[in-house]
Structure formats: structure tokens, C-alpha cells
Amino acid sequence: MIQNSTIVFGIFLKIFKIEINTKMQIFNKQNTINAIKSTYIFSSLSNEDLSKIAEIGKIKFFAKNEPIVKEGESGNSMFIISSGKVKVVRIDEQDNEVIFSLLYKGDAFGELSLIDGLSRSASCIAMEDTSVFILLRDNFLNIIQNNYNFTIDLLSSLSQKLRKADFIIKNLSTKSAEKKVHNMLCMFIEDIGIVYQKKIRLNDLPMFGDIANMAGIARETFSRVLHQMEKDGLISIIGRTITIENYDKFINETKL
């Protein structure tokens with residue numbers, strides 16, 4: 001009797017594990033589809049197409065500070081951030097890390113190497129524990145060939161990246177530290193700003209040292225300018241959250 005009960009329990013446990021694994025697979029696939037759909041270049045695709053893409057790609061996890069791609073290496077895949085943050089960097093002649101861009105959930109990167117077949121133009125490093133959806137070159141090119149709207153969205157996305165890169169380069173050439181900080185905050189307002197009680201909140205910003213790096217100024221200079229803005233009533237700072245207290249006044253301050 002005890003032996004029969006053990007057998008029945010074992011069968012029940014196997015069925016339970018299979019059911020749990022099946023539900024987890026469905027959950028993970030739906031999460032992947034949601035991550036892909038939140039990416040601008042894939043937003044015009046049908047749910048059927050998104051489901052097919054989710055099946056041919058894979059999710060990979062990277063620990064904080066772990067490189068996802070390295071400058072100069074060959075590229076046969078593109079990436080979509082499903083969770084976490086990524087910084088796009090290059091190393092200058094003095095071996096200093098120069099940050100060109102910060103990427104968030106739903107952002108894609110690595111597509112340039114898939115289009116031109118050249119090596120990676122920059123390194124991409126996880127700023128925190130990060131998961132990415134990886135799509136290989138052949139699958140990517142197949143989507144381009146069969147989806148006109150996707151191709152148009154891809155061109156639009158690349159155009160936006162070029163404009164942002166141009167903005168950052170121009171900002172680096174600006175002499176005024178105040179202008180540099182102002183312009184960087186304007187960029188974050190556009191990227192992640194949330195309207196809150198007629199104010200604009202920038203939540204969970206990167207480390208201020210990283211933003212100062214992007215602006216091409218010292219960490220101390222960046223902090224000094226921020227605190228002056230806070231003293232002038234333009235912003236308030238709590239940890240890594242900055243709130244634009246008076247948007248109209250702030251946006252009309254010195255610009256690039």
C-alpha cells in the first residue's frame with residue numbers, strides 16, 4: 001500500500017513539474033514578445049511575427065559591468081534589452097572610458113554590424129544585471145526582406161541614433177559647463193522624463209560620474225552645476241532622481 005502511494009505521488013510530482021515548466025515557458029515567451037514589441041523597430045510587426053521572432057532568438061543574462069559586445073569584434077547578432085541598463089563606450093588614447101550613449105529596457109543595439117557586416121564600432125557594457133534578447137544576422141536580414149514597415153522603422157531608429165550622437169558630439173565641443181549639464185538633462189527629459197504634478201521627474205538616473213563623462217566634464221564640476229540649479233529652484237535632487245521643478249524656466253535657460 002505504501003509502495004503504491006509512493007508510485008502515485010511520484011507520477012503526480014512529474015506531472016506537476018511538467019505543468020510548471022510549460023507555464024514558465026509560456027510566461028518567458030510572452031515576456032520576450034513584450035520586450036521585442038516595446039522596441040521601436042519591431043513595434044509595427046503583427047503578434048504572429050513577434051511570436052516567430054521570439055522563437056528564433058534567445059535570452060541571455062549579463063552581470064553588472066560585464067561586456068555584452070566589445071569594440072572591434074565581429075558582429076553577427078543584434079540585441080534588445082528586456083531588463084537592465086547598458087552603456088555604449090569607447091576607449092580613448094589615454095585608456096579612458098568615454099560614454100557615448102545609455103540604453104534602457106526596449107532599446108536595441110548592434111544592428112549596424114548586421115547591416116554593413118563591419119566590426120563593432122563600440123563596446124556595450126551592462127550597468128546593472130541585464131537580460132537581452134539576441135537575434136542573429138540571417139534572421140534579422142530575413143525580417144528586413146519580408147517586412148517593409150520594419151525596414152522603414154529601422155531607418156527611422158538609425159536616424160534618431162545619428163541625431164543623438166551628433167547632439168552629444170556638439171555638446172562635448174561646448175565650452176560652458178552649465179550648457180553641457182543643461183543639455184544632458186534635456187536629453188534625459190526626452191528619453192526617460194515622466195510628467196508628475198506639472199513637473200518632470202528623471203528616475204533612477206545613471207551615476208552622476210557617468211553623466212559627467214558623457215558631458216565631457218569632471219564629476220565635481222557636474223555636481224557643482226547641479227547644486228547651483230537646485231539653489232536657483234530649477235531642479236531638486238534626491239539620490240539619483242532629479243525633478244525639473246519649473247520646466248518652462250529650465251528649458252529656456254542657455255541652450256546648445
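**Figure 1. I194 lies opposite R201 of strand β10 in a predicted model.** Strands β9 and β10 (residues 199-202) run antiparallel and are joined by 3 bridges. They belong to an open sheet of 4 strands in the order β9-β10-β12-β11, with antiparallel pairing. β9 (194-196) and β11 stand at the edges with a single partner strand each, so one side of each has no neighbour in the sheet. From one strand to the next, the twist averages 25 degrees. Helix α6 (residues 177-192) packs on this sheet and touches β9, β10 and β12; its direction makes about 90 degrees with that of β10. Two strands count as paired if DSSP finds at least two bridges between them. Helices (H or I, at least four residues) and strands (E, at least two) are DSSP runs, numbered from the N terminus. A contact means heavy atoms within 4.5 Å. Axes are lines fitted to C-alpha atoms, for helices over the stretch in contact, and angles run from 0 to 180 degrees between N-to-C directions.

The model is predicted: local features need pLDDT of at least 70, side-chain atom pairs count only at pLDDT 80 or more, and totals for chains, interfaces and linings use all residues. Residues are numbered from 1 along each chain as its sequence is written, and side-chain values use heavy atoms, with hydrogens and water left out.

**Figure 2. Strands β11 and β12 form a hairpin with 2 residues between them.** β11 (residues 235-238) pairs with β12 (residues 241-244) in the antiparallel sense over 4 bridges. I235 has I244 in β12 as its bridge partner. In the hairpin, G239 takes a positive phi near 60 degrees.

**Figure 3. Another open sheet has 4 strands in the order β1-β8-β3-β6, with antiparallel pairing.** β1 (58-62) and β6 (108-109) stand at the edges; each has a single partner strand, so one side of each is left without a neighbour in the sheet. Strands β3 (residues 77-83) and β8 (residues 130-136) run antiparallel and are joined by 6 bridges. S83 stands opposite S131 in β8. Helix α4 (residues 137-146) packs on the sheet, where it touches β3 and β8, and its direction makes about 70 degrees with that of β8.

**Figure 4. The side chains of K85 and D204 meet in a salt bridge (3.0 Å, N to O).** K85 lies in the loop between β3 and β4 (86-91), and D204 in the loop between β10 and α7 (208-215), so the pair ties together parts that are 119 residues apart in sequence. A salt bridge is a side-chain nitrogen of Lys or Arg within 4 Å of a carboxyl oxygen of Asp or Glu. K85 is buried, with a relative accessible area of 7%, whereas D204 is partly exposed at 38%. Buried means under 20% relative accessible area, exposed over 50%, and partly exposed in between (1.4 Å probe, protein chains only). K85, D204 and R240 are linked in a network of salt bridges.

**Figure 5. A salt bridge (2.8 Å, N to O) joins the side chains of K161 and E111.** The pair links distant parts of the chain, with K161 in helix α5 and E111 in helix α3 (residues 111-116), 50 residues apart. K161 is partly exposed, with a relative accessible area of 33%; E111 is buried at 2%.
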